[in-house]
Structures are given as structure tokens and as C-alpha cells.
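The following note concerns selected contacts and charged pairs in the structure shown below.

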Amino acid sequence: MQLNRRDFMKVTGAGIACLSLSQLGFDLKPLKAYAAELKIAGAKEVISVCPFCSVSCHIIAHVKDGQLVSTEGDPDYPINQGALCAKGAAMLSLTRSSHRVTKPLYRAPNSDKWEEKDWGWVIDRIARRVKESRDKNLQLTNTKGQTVNRLEHVFALGTSHMDNEECALTHQAMRALGVVHMDHQARI
Amino acid sequence: MTNHWIDIKNADAILIMGSNAAEHHPISFKWVLDAKSRGAVVMHVDPKFSRTSARSDFHVPLRSGTDIAFLGGMINYIIEKDKYFKDYVVNYTNASLLVADAFGFENGLFSGYDPAARKYDRTQWAFQLDDDKVPKRDPSLNDPRCVFQLMKQHYSRYTLDDVSDITGVSKEDLVKVYEAYSATGAPDKAGTMLYALGWTQHTVGVQNIRAAAILQLLLGNMGIAGGGINALRGEPNVQGSTDHTLLYHLVPGYMAMPIADWQTLADYHKANTPVSYDPQSANWWQNKPKYFNSLLKGWFGENATKENDFGYGMLPKIEKGANYSYLFLFDRMYQGKIEGGFIFGLNPMNSVPNSNKLRKAMDNLDWLVTVDVHHSETTDNWRRPGVDPKSVKTEVFLLPSAHRLEKDGTVTNSGRWQLWHYKAVEPPGEARTFGDMLVDLMNKVRTLYTENSGAFADPILKIDWPKRYDADEMARRINGVFTVDTKVKDKEYKKGQLVPSFVALADDGSTSSLEWLYCGSYTEEDGNKTKRRDPKQTPMQAAIGLYPNWAWCWPVNRRILYNRASVNLEGQPYAPNKAVIQWQDGKWVGDVPDGGWPPMATGEGKHPFIMTVHGFGQHYGPGRMEGPFPEHYEPVETPVKSHPFSKQLNNPCYVSVSSDMDILAEPADPRYPIVLTTYNVTEHWCGGGETRNVPNLLEAEPQLYVEMSPELAEEKGIKNGDGVIIESARGRAEAIAMVTVRMRPLKIQGKIVHEIGMPFCFGWTTPGSGDSTNRLTPSVGDPNTSIPEFKACLVNVKKADKLTELA
């Protein structure tokens, strides 16, 4: 029987597969005992993609009880074959970082501090600011009398951190508002 | 990339220039080393010796901003020594096309230059056409007006002596690279060029890459396995975000943003749909109306009808030639002309040139919405060092965003593979995805416009906008659906079903697609192909590592672009041992060919470069702003007063802004005699906003440093580890001196020029790490792209009496 590294890990990971030891042809008792103690034992594997450069290495996230317990390179993905660089290897600490922003924050004009707000409040407030700026500044025609429907006073920057699906929505929304100052990482 | 990551292994020669692949795309180097282990020669041409250089066969240092001189010298070498692949050049490139008499070149300028406007009249660079409006050709390549002869003449000026004199590369090193790389002109040999921001971030960025393209076309390296022009794109989804064009000048799918002169849809199509009268030219962009109308249909849904130009009239229109890119946006912001805006996952206060000006410009905003995973120099600009927050009027929002492991969706890698990633865990606290926030915000704006009067509500109320964000639903919309029951060949599709390929997109409103290049990624027949994890390949595909069943790749799952240039006129591969496609028993096998037409020799074929109007690879590129041939011009801030190729010192068309904070050094300015180049480190990401917040990464690379040669250090009385101050005409930065032989003094025009290098990932929100290197860099940009010149500017350096930014 032929096993690649990944099949081997699946077989030996407790709780995933129960093959008889004879099928593998050697004694796995000590290894199984060790595997049972691993933090990924019994964890669900989820395939993701490293969020840094566009090599787009694949990462396996191990999730247990809804918590991220480990990340590692995906050995099946033909490009990175399990390897990751320093940043990709830091995926676990990045995701679980205590420095993450976890609540919508608001800084009032001339204030010296952030305040926590709820989502309903910030979305309503931002929508009103967008509408005010648009209603005041939308340019319907240019000096030649041509229709231009553009909003030069509001801009959108970013981002290549968005998924394709989010990029498509951003473009659609911004052009509907009339935004023309639109740019992102591709130009720097 | 025209090719893809694994394909690098198929190269016989690898020229890495304008990139430090081993440190900035570390896993890509797996494939570089794979090629090397099979005998490929790997060359690194870069100002700094890095880990890329260490694993290359040789490293050749050159002065930042002299790549065109270096590459121009190679073009000259290849033509002079007859190293080019003649059949390929004649059949597949525009070398044989005749150029009209109006074209000329004198004193560093092409014909048609208007110095007042700093622009060219590009109609003077046209081809000669015959009575059928097909370009005239001379397959012997002898006609003095053919592209080949004009190119030969142009680059004959790029002699080894002159190139060496201006680049700082010895003649021996020039010949070493030229010889090794030009060996790939043999029909069965492949050479690849790997570049990154080291080529793009110059006022001649586009022409750097054009020069590379000329070389690849001369050597027959386009369309083949182990060849290509390969941009090692940075950023997690910068390929996808470019395809969906979060850029002012385009709409999704590389189509022009409407301008005011195109008032109707018919105007738009007339101006943007190229016409070819050559029956052998596929001229693929002739299909643009199908893609553009399907985009409008995707944006406006039921409200897009033939009668209302599919909603075209509702779109914003920009003025012809108007520039809304970063440099100009921040200049207008500095002048107080911008009221508010959104910054999603970006840290421009660190990563855009002239940070001091930008930081001040942001104080002029009334409101600002930032969306990020951490606080950054951008989100917290209002409380930056030296500024009293009470004096900053801006109302600022910071919305917590989900990170990669916390959402479903797709990204597109540099090799154009579209890849699905699955949500593993919930975002922390109340963090949400960009998609969730945007959908809710836009729905709120729509409610406000429904309940209240407001300016021109039509486009806001008439877009086809989802009620909630769902990545799968958006992936379907991007692929596109039929809007009426339709028959494609013999197959019937119901209204709402997925369009199988962009070949089925129509201009009559019967299809929608938010990105035509992605059409075919999600089909009724095969489902969401971005989720595919099947390593199955035919032996022919396996020989070059094509992996056609793994995920999906745009366009139409074609893994190597322009692959019909990899075969001869009979459809047989030039390199049989690494064939990409082959004509067998009346059909193509291997990769998905660029169009299914039979080989050229049948008389039914089409020229392989299907995205160009005439179907040829372009040695002569009449569409570029500053000329059809790349020409050496110095960076805007240059340590020399003249160069050997002409009296035109800088790119005659570069773009810039001119506020009181946009000060430039003079050429060979005695106050700023040192060249600065900027880059990054493996452990940090771009402006550093994400990675400085990860303790293990910050520990590995904790603070800003400057790499300088021992010779310069001695001249300045600086020791390794000293705190130093680097100053340009625009600002100053503190850094720790890293005295190293990785940086070499260069001999330019008989004098020593020193170059130093600094990363740009550190900022004041990480105390003691240093602050933005881009306080030093200038707001000048390439005329085609407006990408700023981060890679070459002038500075001086001195030992610091005391440090305030570094702990």
C-alpha cells in the first residue's frame, strides 16, 4: 500500500480514520499515543490561502470547538507543497493577535480619543456623511455641458486585501455614487 | 504573469531584475531552484546583493533607474550578434511591419513631441497600411522603414562602453549576462524574466517592461513553457483587484473608464472597439461591446435595457486625460479640495511617497472611513507625533475587518489562478468582512435616497445590489448569467443560469457578467471551478507542470498566454520536450490554445498575439505615452547631469505635482549626492501595518535600518550599528546603519556614486521602530501608469547626534 505524507498524517491522526495497524504494516502504537496529544487531534481542516504575496500559498487551518488551534502549509497544493515563508508561518499569531481591532471605533472632530460604537450607529452615520457630500458636490455636467455625473470630492482607496467578490462590489458601489478618485495597491 | 509559478521550473535561463524573489516571494524561489537544479542559469541584476543573489549563478549590481540602458544594450547585442530567433521574429512579431514616414527619433525625442503639454502626438507613430488597410510587411526584414531596422538603428547607440558608463556595470558583467540570456534564442531553449516593483516604480516603469518584452520577442520566449514576462505581483489579491480594477481609469476587465466625450454607449464603443482589416488577425478586443454591455447588465440588472443604453448614461464620466491617481488625489486633498473618503485595508501614510505632505493633507478632510485589522499610521493619523489632535477637524471611523481565515471567497494569484478559500473561524469580536460592511452601507445609502430627496438618485437606486453579502452569490454574478432563455450551440440555458464561457457573452442584454475574464469560472456543468483540487494531468501537461484541473485560471483556464507562439506554422512545438500545445489529428492538445483556429500553415489560422489589433507581439509599441521604443532617461532625481544617449535627461512625459511640499533635488545636486532605493523585508508586509502587530515578526525585524557600503560609511564616519539621519529635499528619517558589502559603490561616468537602501515597513504606531521611509521619496510618476518613483531618489546621510524615532 502506498501512502503519501498527507494520507499518512490523516491515518495516524486520532479520530479521523481507523485502519488496522496491519494495513500499514508496522506498529503505530507509540505514534498514535503521541498524536492523540497533539493540539490538532480531532480538529477540522479548512483550506485557506496565505494573505500576503501573490504566490498565494495554501494554508490548512485546524479548527477545534470553533477556535483556530494551528495553521500549516498545505502539502497537496502543487505550488507551495506545504512550504511557507516567515509571514505565512505566522498566520496563527496574526489571526489571534491581541492587537486586532474588534469593535467599530469613532473619533469625533477635534477629539483626542477613540470611542467604541455599535455597527448600526456607524453605518447610519457614514451613510449620512456620504449622502451629504454627494448631494452637495455631485457634478452633473461639465463646462461644455456634457453629462458627467461625477463626485470628485469623495475618494475610495483600497484594497488588494479584498476578495474578488468584494472588489466587484466595491467597484459597482463607487461608480454608482459617482466616485472617480479610486485607486489601490496596484498603483504603488 | 503570462506564465505561472510552477512554470518557472521549465526555464533554461532566468533573469531576475527589479525583484528580490527569494526574500519577497520566498516560495516562488522553490521553482527557480528547481530550474537551477536541472541546469538553468540564474542571474540577478539588482543594486543590492540579497539572498536572491546568493542563490543565483551570478549577481550584477547596477545603479537604480538604469535598467533600460542595461536592457537596451542586450537588444543591441542580440541583433548585432545575430542571436535572435528569426522565424519567430518574422512570423509572430511586428518586426516586419513598415512604419509610416512621420515617425522619427532625434536628440532623445520621438517625433510629435509638444514640450508645452509634455505630450506626444502619437498618430505620428502609425504603421504603413496597404489599400485594404492591412499593415505593410517586409518578411526579409531589410526595408529601412520596417520595425526591425528601426529598432536595430535605435539600439545601435547602446554600446557596451556607454551602457557600462551609465549603469555602473562592468563590460565583463554586461557580456556575461547578455551571453547567457541570449542563448535562449535557440528554438528549443526558454528564458524567463522575473520582475516586481523594482521595474515598475520608476518614471520609466512601463518602458522597463517594454524593453523586457522586446527581448523576449527577439528570443522567441513568449508563449512557451519556461518563458514569458512574469510580474511577481505582491499583495494578497492584487491580481484580482486589478482585474476588477479598483483604479480610476478602468472598469472591470481592462476596459476604459467612460470620458465626457463619449456621451452615449455608441460613442463609447466607437472609441474603444479596435478594428482590423487583416483576416488573419483575431483582434480579440473587437468583442469588447459584448463584455462592456454584460458588465452594465451586471451592474444595473433589470434596469439596464437596450432603450436606456443599459444604464450607460448613469455612469460617471471623467475628462479626457484627467488623472485621479494617488499623487493627484493627495495633492488635491492638500489643497483642501477633497471632503471625505474611504481607505480600505491600505496604509498610504506609510506607503505613498512624500508622507509628510500626505499626513498634512489628510488633516483637511471632513470625514474619513478607515477599514482595517489593526490601528495604523493611516487610521490614527490625527494623533501622529507632533500634532495636537484638537487641531484636527476630521471625523474618523475605524471599522474592524475580518481577516483571511475568517471568510469565504476567491483570490487570484500572480499566475492568474483563481483560488477559493474557506472560512475557518468567526472574526474576533464584532469584526466583519469588507463585503458585509459594504453591502450594509450601500443599502443604508439607498434607504436614505428612497426616503429623502437627493442629487441624481438614479444610479444608487437602480443598481442590482444584494440584500446581504454572500461570496458564492457574488462569484456567480462575476461569472455572469443569462438574463433570458438562450441557446448556445445545441445547449439550452434558462434565464438565471450561468454563462459557460465569455465566448457566449452577448451585447444585446441577454447576458450579464461583472468581469468577462472570469466568465467560465463557475458553470452549470462543472460548478465552482475555483474549488477544484484535482492534480490530474496528461503526460504532456505533467512534463511542464500545467495542472489544468487544479482551481481555474483566467482566461478560459489557459495557463500560458499566447501559447500558439510556442509552435511553428504547422502547429508543432519548437521545444518538443516541453511542449505547451500541439496540433494532433486535427485538434490542439496540451494547454487551452489562444483560440481554436488551426495552425497558420493551413491558411485558416490567426496570428497568435490575439489581444493586439494586428495579432503580432509588439517590438514597436505605438500606444505608450513616451515613445514606441524604450529609451534611457534618468530618474527625476539623478546623480548625473547628463547621460551618453541624448541630451534629454529625464522622461519628457513624466507626471508630477507641484505643491510647496513637493521639492525636488537638482540633477547631480551636491546637497544630496547619494542614491536611495527602497524595498522590504521577508518578515514584514508593505507599509507594515499588519506584520508589525505580530510579535514574532516584529521581533525578527524590529526597526528601520539603512544598508550602506563600508566605503560610504568610512567617508561619512559611520560605524555599523550607529544611528544615522537620512535627508532628502522633502524630509528626513532616522535609521540604524547596517554597513555591508551587499551595497557596492558604483563607478558612473568616471566618478564613484554611492547607493543606499532602506525598507519602508516601519511606522510611528509601533513605538521605537522608526517612521516612514517614504518621507524621503518624491511625488513623480510614470506617464502611462502614474506609479511613483520609489526606487531612485537623492539623499544625504549623516551620523545622528541623538535619536527620537528609534528605541
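**Notes on salt bridges and a helix crossing**

1. Lys176(B) is partly exposed, with a relative accessibility of 39%. In this predicted model, Lys176(B) forms a salt bridge with Asp173(B), and the closest N and O atoms are 3.7 Å apart. Both residues belong to helix α8 (residues 171–182) of chain B, where a spacing of three residues separates them by about one helical turn.

2. A salt bridge also joins Arg775(B) to Glu805(B), with 2.9 Å between the closest N and O atoms. Arg775(B) lies in the loop between β31 (755–759) and β32 (780–781) of chain B, and Glu805(B) in the segment after β33 (793–799), so the pair ties together parts that are 30 residues apart in sequence. Arg775(B) counts as buried, at 6% relative accessibility.

3. Within helix α6 of chain A, Glu132(A) and Arg129(A) are three residues apart, about one turn of the helix. They form a salt bridge whose closest N and O atoms are 3.9 Å apart. Glu132(A) is partly exposed at 49% relative accessible area, whereas Arg129(A) is buried at 15%.

4. The axes of α6 (residues 119–137) of chain A and α17 (residues 434–451) of chain B come within 9 Å and cross at roughly 55°. This angle makes the two helices oblique to each other, and their crossing is right-handed. By class, the contact has nine nonpolar, no polar and seven charged residues.

5. Over all chains, a search of the whole structure finds 53 salt bridges.

Definitions and conventions: Residues numbered from 1 in each chain as written. Chains lettered and ligands numbered in written order. Predicted model: local features only at pLDDT ≥ 70, side-chain atom pairs only at ≥ 80, totals over all residues. Heavy atoms only, no water. Axes fitted to C-alpha atoms, helices over the stretch in contact; angles between N-to-C directions. Helix = DSSP H or I, 4+ residues; strand = E, 2+ residues; numbered from the N terminus. Parallel < 35°, antiparallel > 145°, perpendicular 65-115°, else oblique. Left-handed = near helix turned anticlockwise from the far one by under 90°. Nonpolar A, V, L, I, M, F, W, Y, C, P; charged D, E, K, R; others polar. Salt bridge = Lys/Arg side-chain N within 4 Å of Asp/Glu carboxyl O. Buried < 20%, exposed > 50% of the residue type's maximum accessible area, 1.4 Å probe, protein only.
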